[in-house]
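Welcome! Here is a short tour of a structure that is new to you. Take a look at it first, and then we will walk through its helices and rings together.

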Amino acid sequence: MKKRTLKILGIVLVLLLGIVFTFAKIKRVTPLAWGHKMVNRPMFSNEAVNGYDPVAYFTEGKAVPGLEAFSGHWGNAEWKFSSEENAALFLEDPEKYAPQFGGFCAFAISKGFTANSDPGAFEIVDGKLYLFADGGVKSDWNANQEENIRICEANWE
């Protein structure tokens, strides 16, 4: 009886760990101490910013989906743009337009881990683009914005 119970517990534990690992990979959640990619990309894709145009945040003030026709490579990722002009602007000076912390959620970075971001949850501070997992964590992060930027920069190093 005891042997069977241990076997069942072992199977349950393996299944739970598998579910947690899969969820973490899909949501791109990992501790920063484990290392991180420079650009947030899906598991089976090379697409940065979930396919949104990073330049449009600055020129239009909103999240705009990029198009396959206007794309370029930088930072080991494919970046999509809504226009040829935006692609040219980005490729001339990618660090000006690329989101901070590789496009991972800035709130998560401030807490010491990575997490995927929602292209619609963003903030531009001093000419830098920050992305967030959702509007709720964006609000939390903005409550102490200056300190959180400092913490993020230290954690990202």
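Before we meet two packed helices, a word on terms: axes are lines fitted to C-alpha atoms, for helices over the stretch in contact, and angles run from 0 to 180 degrees between N-to-C directions. Please keep in mind that this is a predicted model, in which local features need pLDDT of at least 70 and side-chain atom pairs count only at pLDDT 80 or more, while totals for chains, interfaces and linings use all residues. Residues are numbered from 1 along each chain as its sequence is written, and side-chain values use heavy atoms, with hydrogens and water left out.

**The overall layout**

- The protein chain holds seven helices and six strands, where helices (H or I, at least four residues) and strands (E, at least two) are DSSP runs numbered from the N terminus.
- Read from the N terminus on, the elements run α-β-α-β-β-α-α-α-β-β-β-α-α.
- Of the 157 residues in the protein chain, 38% are buried; buried means under 20% relative accessible area, exposed over 50%, and partly exposed in between (1.4 Å probe, protein chains only).

- The axes of helix 6 (residues 135-142) and helix 7 come within 7 Å of each other and cross at roughly 100 degrees.
- Helix 6 is therefore roughly perpendicular to helix 7, a label for angles of 65 to 115 degrees, with under 35 counted as roughly parallel, over 145 as roughly antiparallel and the rest as oblique.
- On the helix 6 side, D140, W141 and N142 make the contact, and on the helix 7 side Q145, N148, I149 and C152 do so; contact means heavy atoms within 4.5 Å.

**Aromatic rings**

- Rings of Phe, Tyr and Trp (its six-membered ring) pair if their centres lie within 6.5 Å; planes under 30 degrees apart count as stacked, over 60 as edge-to-face and the rest as tilted.
- That rule gives eleven aromatic pairs.
- In one of them, the ring centres of W74 and F90 are 5.8 Å apart and the planes stand at 85 degrees, so this pair is edge-to-face.
- W74 sits in strand 2 (residues 67-74) and F90 in helix 3 (residues 84-92), 16 residues apart.
- W74 is partly exposed, at 29% relative accessible area, whereas F90 is buried, at 0%.
- F101 and W156 also pair edge-to-face, 5.9 Å centre to centre with 65 degrees between the planes.
- Ring pairs link F101, F104, Y130, F132, W141 and W156 into a cluster.
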